[in-house]
Amino acid sequence: MESNKQESDTNRRKVLKSILSVAVAAVAAGCNSEGSTTAASGSSTTDSSTTDSSTTDSSTTDSDTDTGTDGSTDSSDSTDSSEVSWASGGTKNMTANFPEDSLFETAGTCAVSLTGALTEGPCYFDGDYLEDISEAQTGLPMMLCLQLIDQNCEPLSGYEIEVWHCNVDGLYSGDTTGSSDTSGFSSGFCTDNDSEALASRWFRGIQVTDSSGRVNFKSCFPGWYSSRVIHIHFRVRNNNSDEVISQFTFTDDFCTEICTTHTDYASRGAPDTLIASDTVFSSGASGYIFNTQQNDDGSLVAYKRIIIS
(Lines give C-alpha, C1' and ligand atoms only; values in the text may rest on other atoms or scores of the structure.)
Protein backbone atom coordinates (compact mmCIF):
# COMPACT_ATOMS: atom_id res chain seq x y z
CA MET A 1 0.00 0.00 0.00
CA GLU A 2 2.76 2.45 0.91
CA SER A 3 4.69 1.61 -2.26
CA ASN A 4 1.53 2.21 -4.31
CA LYS A 5 1.07 5.60 -2.63
CA GLN A 6 4.67 6.58 -3.34
CA GLU A 7 4.28 5.47 -6.96
CA SER A 8 1.08 7.56 -7.21
CA ASP A 9 2.82 10.65 -5.81
CA THR A 10 5.67 10.15 -8.27
CA ASN A 11 3.25 9.86 -11.18
CA ARG A 12 1.40 13.00 -10.09
CA ARG A 13 4.71 14.88 -9.93
CA LYS A 14 5.56 13.81 -13.50
CA VAL A 15 2.11 14.74 -14.79
CA LEU A 16 2.20 18.13 -13.10
CA LYS A 17 5.59 19.03 -14.52
CA SER A 18 4.36 18.13 -18.00
CA ILE A 19 1.16 20.18 -17.63
CA LEU A 20 2.52 23.35 -16.05
CA SER A 21 4.27 25.80 -18.30
CA VAL A 22 4.36 28.88 -16.19
CA ALA A 23 4.94 32.50 -17.08
CA VAL A 24 5.08 34.60 -13.94
CA ALA A 25 3.84 38.17 -14.42
CA ALA A 26 4.50 41.29 -12.35
CA VAL A 27 4.70 40.72 -8.60
CA ALA A 28 1.98 41.88 -6.23
CA ALA A 29 3.19 44.31 -3.62
CA GLY A 30 2.45 47.46 -1.67
CA CYS A 31 -0.83 48.31 0.09
CA ASN A 32 -0.36 44.91 1.54
CA SER A 33 1.23 43.34 4.60
CA GLU A 34 2.86 40.04 3.68
CA GLY A 35 3.79 36.88 5.47
CA SER A 36 3.06 38.12 8.98
CA THR A 37 1.51 35.90 11.61
CA THR A 38 -0.07 37.01 14.87
CA ALA A 39 -2.05 35.30 17.59
CA ALA A 40 -5.67 35.94 18.59
CA SER A 41 -8.46 37.68 16.75
CA GLY A 42 -8.41 41.42 17.21
CA SER A 43 -4.71 41.65 18.02
CA SER A 44 -2.58 44.06 16.01
CA THR A 45 -1.11 42.49 12.92
CA THR A 46 2.51 42.76 11.91
CA ASP A 47 3.25 44.75 8.77
CA SER A 48 5.90 43.07 6.69
CA SER A 49 4.79 44.37 3.32
CA THR A 50 7.03 44.30 0.31
CA THR A 51 6.73 47.20 -2.10
CA ASP A 52 8.03 48.21 -5.48
CA SER A 53 11.36 49.85 -4.74
CA SER A 54 10.51 52.83 -6.92
CA THR A 55 7.40 53.65 -4.85
CA THR A 56 8.28 52.63 -1.31
CA ASP A 57 7.09 55.11 1.32
CA SER A 58 9.74 55.60 3.96
CA SER A 59 7.10 56.30 6.60
CA THR A 60 5.94 52.70 6.49
CA THR A 61 7.39 50.56 9.25
CA ASP A 62 8.75 47.22 8.08
CA SER A 63 11.08 45.95 10.73
CA ASP A 64 9.68 42.75 12.13
CA THR A 65 10.05 40.06 9.50
CA ASP A 66 12.12 39.32 6.48
CA THR A 67 10.37 37.15 3.93
CA GLY A 68 12.79 36.05 1.24
CA THR A 69 12.20 34.27 -1.99
CA ASP A 70 12.35 30.95 -0.17
CA GLY A 71 9.34 31.93 1.93
CA SER A 72 11.14 31.40 5.23
CA THR A 73 10.83 33.94 8.03
CA ASP A 74 12.53 34.73 11.28
CA SER A 75 11.13 33.74 14.67
CA SER A 76 8.98 36.87 14.95
CA ASP A 77 6.83 35.49 12.13
CA SER A 78 5.58 32.45 14.01
CA THR A 79 2.25 32.40 15.82
CA ASP A 80 2.42 32.32 19.60
CA SER A 81 0.19 29.31 20.31
CA SER A 82 1.27 28.84 23.93
CA GLU A 83 -2.24 29.77 25.15
CA VAL A 84 -4.44 28.79 22.19
CA SER A 85 -3.89 25.56 20.27
CA TRP A 86 -4.76 25.32 16.61
CA ALA A 87 -8.32 24.10 16.13
CA SER A 88 -9.01 20.90 14.21
CA GLY A 89 -11.93 19.00 12.71
CA GLY A 90 -13.00 21.52 10.08
CA THR A 91 -15.28 24.54 9.92
CA LYS A 92 -17.88 23.08 12.27
CA ASN A 93 -15.50 23.99 15.10
CA MET A 94 -15.14 27.60 13.98
CA THR A 95 -16.95 30.00 16.33
CA ALA A 96 -15.17 33.32 15.73
CA ASN A 97 -16.60 36.04 13.50
CA PHE A 98 -14.84 37.25 10.40
CA PRO A 99 -12.44 40.10 11.28
CA GLU A 100 -13.19 43.74 10.47
CA ASP A 101 -11.89 45.46 7.34
CA SER A 102 -9.14 47.06 9.43
CA LEU A 103 -7.39 43.72 8.98
CA PHE A 104 -6.18 45.00 5.61
CA GLU A 105 -5.02 48.43 6.69
CA THR A 106 -1.32 49.28 6.59
CA ALA A 107 0.68 52.28 7.71
CA GLY A 108 2.00 54.91 5.34
CA THR A 109 1.08 56.01 1.85
CA CYS A 110 -0.43 53.44 -0.47
CA ALA A 111 2.13 52.26 -3.05
CA VAL A 112 1.03 49.58 -5.48
CA SER A 113 2.31 47.02 -7.91
CA LEU A 114 -0.44 44.97 -9.51
CA THR A 115 -1.12 41.40 -8.49
CA GLY A 116 0.72 39.18 -10.95
CA ALA A 117 -0.87 36.42 -12.98
CA LEU A 118 0.13 32.80 -12.35
CA THR A 119 -1.01 29.59 -13.98
CA GLU A 120 -4.61 28.44 -13.55
CA GLY A 121 -3.30 24.89 -13.24
CA PRO A 122 -4.99 21.65 -14.29
CA CYS A 123 -7.49 21.39 -11.41
CA TYR A 124 -9.97 24.16 -12.17
CA PHE A 125 -13.64 23.88 -12.88
CA ASP A 126 -16.16 26.53 -11.88
CA GLY A 127 -17.66 26.21 -8.44
CA ASP A 128 -20.78 27.44 -6.65
CA TYR A 129 -21.64 30.63 -4.78
CA LEU A 130 -20.79 29.60 -1.23
CA GLU A 131 -19.33 31.00 1.97
CA ASP A 132 -18.45 27.66 3.57
CA ILE A 133 -16.64 25.69 0.87
CA SER A 134 -15.45 22.79 3.04
CA GLU A 135 -18.31 20.30 2.54
CA ALA A 136 -17.60 19.13 6.11
CA GLN A 137 -14.04 18.08 5.26
CA THR A 138 -11.63 17.90 8.19
CA GLY A 139 -8.61 20.14 8.73
CA LEU A 140 -7.45 23.31 10.46
CA PRO A 141 -10.49 25.61 10.10
CA MET A 142 -9.50 28.65 8.09
CA MET A 143 -11.10 32.00 7.34
CA LEU A 144 -9.98 33.02 3.87
CA CYS A 145 -10.38 36.80 3.64
CA LEU A 146 -9.59 38.67 0.43
CA GLN A 147 -9.94 42.33 -0.49
CA LEU A 148 -10.00 43.57 -4.08
CA ILE A 149 -8.64 47.07 -4.72
CA ASP A 150 -7.50 49.12 -7.72
CA GLN A 151 -4.15 50.82 -8.32
CA ASN A 152 -5.32 53.77 -6.21
CA CYS A 153 -6.13 51.43 -3.31
CA GLU A 154 -9.86 52.03 -3.78
CA PRO A 155 -12.08 49.00 -3.07
CA LEU A 156 -13.84 47.36 -6.01
CA SER A 157 -17.36 46.07 -5.40
CA GLY A 158 -19.45 43.72 -7.50
CA TYR A 159 -16.56 41.58 -8.76
CA GLU A 160 -16.54 37.79 -8.50
CA ILE A 161 -13.65 36.19 -6.65
CA GLU A 162 -13.39 32.44 -7.06
CA VAL A 163 -11.06 30.19 -5.05
CA TRP A 164 -10.12 26.53 -5.23
CA HIS A 165 -7.61 24.32 -3.39
CA CYS A 166 -6.96 20.75 -2.31
CA ASN A 167 -7.91 18.96 0.92
CA VAL A 168 -5.64 17.78 3.74
CA ASP A 169 -4.57 14.77 1.66
CA GLY A 170 -3.54 16.88 -1.33
CA LEU A 171 -6.57 15.90 -3.44
CA TYR A 172 -8.86 18.22 -5.37
CA SER A 173 -12.56 17.54 -5.63
CA GLY A 174 -13.75 16.23 -8.99
CA ASP A 175 -17.54 16.35 -9.30
CA THR A 176 -18.05 18.63 -12.31
CA THR A 177 -21.84 18.21 -12.32
CA GLY A 178 -23.44 21.55 -13.11
CA SER A 179 -20.15 23.25 -13.97
CA SER A 180 -19.92 25.09 -17.29
CA ASP A 181 -16.12 25.40 -17.54
CA THR A 182 -14.43 22.01 -17.24
CA SER A 183 -12.21 22.05 -20.33
CA GLY A 184 -8.94 22.36 -18.43
CA PHE A 185 -9.75 19.93 -15.63
CA SER A 186 -7.42 16.92 -15.39
CA SER A 187 -9.53 14.59 -13.28
CA GLY A 188 -7.09 11.70 -12.93
CA PHE A 189 -4.23 13.91 -11.79
CA CYS A 190 -6.23 16.21 -9.53
CA THR A 191 -8.33 13.57 -7.75
CA ASP A 192 -5.88 10.67 -8.04
CA ASN A 193 -9.08 8.80 -9.02
CA ASP A 194 -10.12 8.75 -5.38
CA SER A 195 -13.80 7.81 -5.19
CA GLU A 196 -14.69 10.36 -2.50
CA ALA A 197 -12.90 13.14 -4.35
CA LEU A 198 -14.62 12.23 -7.63
CA ALA A 199 -18.01 12.55 -5.93
CA SER A 200 -17.28 15.88 -4.20
CA ARG A 201 -17.03 19.63 -4.84
CA TRP A 202 -15.10 20.54 -1.71
CA PHE A 203 -12.90 23.64 -1.45
CA ARG A 204 -14.32 25.45 -4.45
CA GLY A 205 -16.43 28.57 -4.23
CA ILE A 206 -17.33 32.01 -5.52
CA GLN A 207 -18.20 35.20 -3.64
CA VAL A 208 -19.04 38.72 -4.88
CA THR A 209 -17.06 41.61 -3.39
CA ASP A 210 -18.98 43.97 -1.12
CA SER A 211 -18.65 47.77 -0.86
CA SER A 212 -15.27 47.28 0.84
CA GLY A 213 -14.03 45.01 -1.95
CA ARG A 214 -14.19 42.14 0.52
CA VAL A 215 -15.03 38.45 0.30
CA ASN A 216 -14.87 35.85 3.07
CA PHE A 217 -14.76 32.08 2.79
CA LYS A 218 -14.86 29.39 5.47
CA SER A 219 -12.44 26.64 4.52
CA CYS A 220 -9.61 24.49 5.87
CA PHE A 221 -5.87 24.93 5.52
CA PRO A 222 -4.85 22.92 2.43
CA GLY A 223 -2.61 19.90 2.46
CA TRP A 224 0.23 19.30 0.01
CA TYR A 225 0.96 17.19 -3.01
CA SER A 226 4.25 16.37 -4.68
CA SER A 227 6.19 19.13 -6.48
CA ARG A 228 3.97 21.98 -5.21
CA VAL A 229 4.07 24.16 -2.15
CA ILE A 230 0.80 24.54 -0.28
CA HIS A 231 -1.21 27.11 -2.23
CA ILE A 232 -4.66 28.50 -2.99
CA HIS A 233 -5.81 29.39 -6.49
CA PHE A 234 -8.02 32.39 -7.21
CA ARG A 235 -9.53 34.22 -10.15
CA VAL A 236 -11.21 37.62 -10.36
CA ARG A 237 -13.98 38.24 -12.87
CA ASN A 238 -16.02 41.27 -13.87
CA ASN A 239 -18.92 40.93 -16.31
CA ASN A 240 -17.78 37.39 -17.14
CA SER A 241 -14.29 38.57 -18.11
CA ASP A 242 -11.17 37.52 -16.23
CA GLU A 243 -9.26 40.33 -14.52
CA VAL A 244 -6.55 38.12 -13.04
CA ILE A 245 -5.93 34.42 -12.37
CA SER A 246 -3.23 33.64 -9.82
CA GLN A 247 -2.24 31.85 -6.62
CA PHE A 248 -1.23 32.72 -3.07
CA THR A 249 0.91 30.61 -0.76
CA PHE A 250 2.16 30.50 2.84
CA THR A 251 5.64 30.70 4.30
CA ASP A 252 7.69 27.50 4.34
CA ASP A 253 8.00 27.66 8.11
CA PHE A 254 4.25 27.93 8.65
CA CYS A 255 3.47 25.06 6.27
CA THR A 256 6.07 22.84 7.90
CA GLU A 257 4.78 23.66 11.38
CA ILE A 258 1.17 22.76 10.56
CA CYS A 259 2.05 19.65 8.54
CA THR A 260 4.31 18.19 11.24
CA THR A 261 2.46 19.14 14.43
CA HIS A 262 -1.26 19.44 13.66
CA THR A 263 -3.37 16.35 14.29
CA ASP A 264 -5.15 16.57 10.91
CA TYR A 265 -1.90 16.80 8.91
CA ALA A 266 0.94 15.17 10.85
CA SER A 267 0.39 11.66 9.48
CA ARG A 268 1.66 12.84 6.06
CA GLY A 269 4.59 14.78 7.47
CA ALA A 270 6.35 17.84 6.08
CA PRO A 271 5.70 18.94 2.47
CA ASP A 272 8.18 17.51 -0.03
CA THR A 273 8.46 20.88 -1.80
CA LEU A 274 9.38 24.31 -0.48
CA ILE A 275 9.09 27.62 -2.33
CA ALA A 276 12.59 27.58 -3.79
CA SER A 277 11.93 24.33 -5.66
CA ASP A 278 8.25 24.88 -6.45
CA THR A 279 7.19 24.58 -10.10
CA VAL A 280 5.25 27.88 -9.95
CA PHE A 281 6.93 30.06 -7.31
CA SER A 282 10.53 28.97 -7.97
CA SER A 283 11.45 32.44 -9.25
CA GLY A 284 10.21 34.00 -6.03
CA ALA A 285 7.06 34.22 -3.94
CA SER A 286 7.46 37.79 -2.74
CA GLY A 287 4.05 39.42 -2.99
CA TYR A 288 2.18 36.10 -3.10
CA ILE A 289 2.40 35.08 0.58
CA PHE A 290 -0.69 35.17 2.79
CA ASN A 291 -0.73 37.08 6.03
CA THR A 292 -1.98 34.86 8.83
CA GLN A 293 -3.30 35.21 12.35
CA GLN A 294 -4.94 32.95 14.89
CA ASN A 295 -8.45 33.51 16.21
CA ASP A 296 -9.39 33.00 19.84
CA ASP A 297 -11.17 29.77 18.85
CA GLY A 298 -7.92 28.39 17.40
CA SER A 299 -8.97 28.83 13.77
CA LEU A 300 -6.69 30.41 11.18
CA VAL A 301 -7.24 33.68 9.35
CA ALA A 302 -5.43 33.84 5.99
CA TYR A 303 -5.82 37.24 4.36
CA LYS A 304 -4.50 39.13 1.38
CA ARG A 305 -5.22 42.09 -0.91
CA ILE A 306 -5.64 41.54 -4.64
CA ILE A 307 -4.68 44.57 -6.69
CA ILE A 308 -5.88 45.07 -10.26
CA SER A 309 -5.84 47.98 -12.72
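**Exercise 1.** Which residues do ring pairs link into a cluster with Phe248?

*Solution.* Keep in mind that this is a predicted model. Start with the count: the structure holds 14 aromatic pairs. Now follow the links, and you get a cluster of Trp86, Phe221, Phe234, Phe248, Phe250, Phe254, Tyr265 and Phe290.

**Exercise 2.** Work out how Phe248 pairs with Phe234 and with Phe290.

*Solution.* Take Phe234 and Phe248 to begin with: their centres are 4.5 Å apart and their planes make 35°, so the pair falls between the 30 and 60 degree cut-offs and is tilted. In the chain, Phe234 belongs to strand β6 (residues 231-238) and Phe248 to strand β7 (residues 241-249), 14 residues apart. Phe234 counts as buried, at 1% relative accessibility, and Phe248 also comes out at 1% and counts as buried.

Next, Phe248 and Phe290: here we have 5.4 Å centre to centre and 75° between the planes, which makes the pair edge-to-face because 75° is over 60. Phe248 sits in strand β7 and Phe290 in the loop between α4 and β8 (291-294), so this pair ties together parts that are 42 residues apart in sequence. Phe290 is buried, as is Phe248.

**Exercise 3.** Find the buried residues of helix α4 and say why they lie on the same side.

*Solution.* Going along α4 (residues 252-261), the buried ones are Asp252, Phe254, Cys255, Ile258 and Cys259. They span an arc of only 165° around the axis, so they share one side of α4. As for what covers them, strand β9 (300-307) is included.

**Exercise 4.** Which rings have Arg204 and Arg235 over their faces?

*Solution.* Arg204 lies over Phe125, 3.7 Å from the ring centre. Arg235 lies over Tyr124, at 4.6 Å from the ring centre.

Definitions and conventions:
Residues are numbered from 1 along each chain as its sequence is written. This is a predicted model: local features need pLDDT of at least 70, side-chain atom pairs count only at pLDDT 80 or more; totals for chains, interfaces and linings use all residues. Side-chain values use heavy atoms; hydrogens and water are left out. Buried means under 20% relative accessible area, exposed over 50%, partly exposed in between (1.4 Å probe, protein chains only). Helices (H or I, at least four residues) and strands (E, at least two) are DSSP runs, numbered from the N terminus. The arc is that of the directions from the helix axis to the C-beta atoms. Contact means heavy atoms within 4.5 Å. Rings of Phe, Tyr and Trp (its six-membered ring) pair if their centres lie within 6.5 Å; planes under 30 degrees apart count as stacked, over 60 as edge-to-face and the rest as tilted. A charge sits over a ring if NZ of Lys or CZ of Arg is within 6 Å of the ring centre and within 35 degrees of the ring normal.
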